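Hello,

Here is the structure I promised to pass on to you. Please open it next to this email, and my notes follow below.

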Amino acid sequence: MNKIFLRLVLCVFGFVLSAACFAQDAKPEMADVMRSNGKIYVVVAVCLTILIGLFIYVFLVDRKISRLEKGKD
Amino acid sequence: MDVPRLFILNETIRNLYFHVCMWFGMMILFGVSFVYSIKYLRGFKLRNDIFAHNFAAVGTFFGILGYATGTIWANYTWVTDQSQSLGSILKEPKLIGAAIALLIYGAYFVLRGSFTDMDKKARISAVYNIFAFAMLFPSIWIIPRLVGSLHPGAPGSESGNPALNFKDIDSRLRMIFYPAIIGWTLLGVWIANLKIRLQLIKDKTLINE
């Protein structure tokens with residue numbers, strides 16, 4: 001009985017130790033898309049912001065032109 | 001194209017071709033707007049007022065895009081990886097200066113909108129536009145260069161002045177950076193040109209050439 005108890009304790013100790021070792025080895029795995037590949041996705045986000053912004057702006061100008069065209073007819 | 005390999009910045013150094021070019025484009029478009037405002041005050045031709053208004057509008061839009069891209073860039077470099085506090089970013093003089101400059105231009109459009117008389121509107125907003133351009137000098141060019149700043153070009157920083165000094169920017173970046181400024185500015189000029197032509201058609205009856 002005592003032996004089994006000792007084994008169990010050792011086993012649990014081993015698990016905890018290995019878990020601690022594992023935690024030290026690997027960095028916390030997070031959803032770091034923006035920080036992967038040398039932060040290239042930050043550049044992508046910046047590029048897309050400008051593109052979407054320009055598209056919205058040009059679209060608004062386009063709508064103004066259509067309104068003018070309708071007013072003429 | 002290879003870029004200089006730097007810590008914290010990593011590949012985001014490539015934002016130089018987008019974020020920085022937006023501000024350069026804004027400055028050039030505001031400069032053009034300023035010239036047309038002076039031209040309006042010399043001859044009181046309504047045509048020049050339309051030019052000044054639309055160049056200022058596209059310039060402000062470029063400024064807003066510069067601000068939006070700057071927030072993304074700052075989030076992944078200054079805030080997280082350089083562990084700057086939010087306070088030090090809110091204190092950043094270039095951010096405050098750029099916000100002041102954009103708000104002054106925002107007031108230009110408010111001023112324009114508040115007149116019903118066309119000639120009065122054109123005349124007062126032309127004078128205000130000259131003041132707004134003059135305010136760009138201290139708010140975005142002088143004060144951020146005098147006090148400590150996270151942006152490059154601040155006193156005490158090792159980065160020197162990459163925006164204007166040829167020796168402080170890597171030649172590989174320069175090869176794309178300068179054409180990119182020209183390209184983005186020409187895109188802005190094109191959009192402004194479309195808006196101007198639209199306005200000229202609208203006001204055809206009012207403008208006597």
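To start with something to look for: which residues are buried in helix 4 of chain B? They are Lys94(B), Gly97(B), Ala98(B), Ala101(B), Tyr105(B) and Tyr108(B). Here a residue is buried if 20 or more other C-beta atoms lie within 10 Å of its own, exposed if 12 or fewer, and partly exposed in between, with C-beta atoms placed from the backbone.

Before going further, a word on the conventions. This is a predicted model, in which local features need pLDDT of at least 70 and side-chain atom pairs count only at pLDDT 80 or more, while totals for chains, interfaces and linings use all residues. Residues are numbered from 1 along each chain as its sequence is written, and chains are lettered from A and ligands numbered from 1 in the order in which they are written. Helices (H or I, at least four residues) and strands (E, at least two) are DSSP runs, numbered from the N terminus.

Back to helix 4 of chain B. Helix 4 itself (residues 93-113) has 21 residues and reaches 30 Å from its first C-alpha to its last, close to the 30 Å expected at 1.5 Å a residue. The expected span is 1.5 Å times one less than the number of residues.

Helix 2 of chain B deserves a look as well. Of its 34 residues, 25 are buried, so the helix is mostly covered. Its end C-alpha atoms are 47 Å apart, which agrees with the 50 Å that its 34 residues should span at 1.5 Å a residue. There is also a kink of about 35° in helix 2 of chain B, centred on Trp73(B). The bend at a residue is the angle between axes fitted to the seven residues ending there and the seven starting there.

As for chain B as a whole, there are six helices and zero strands. Buried residues make up 36% of its 209 residues. Its C-alpha atoms fill a box of roughly 60 × 35 × 25 Å, taken along the principal axes.

Where do the two chains meet? The contact takes 21 residues from chain B and 19 residues from chain A, two residues being in contact if their C-beta atoms, placed from the backbone, lie within 7 Å. On the side of chain B that touches chain A, helix 1 (19-43), helix 2 (46-79) and helix 6 (171-202) of chain B each give two or more residues. The largest share, seven residues, comes from helix 2 of chain B.

Finally, confidence. Within chain B, confidence is lowest in helix 3 (residues 86-90), at a mean of 84, and highest in helix 1, at 96. For the complex, the predictor gives an ipTM of 0.82 and a pTM of 0.83.

Best wishes

How values were computed
pLDDT is the predictor's confidence in each residue, from 0 to 100.
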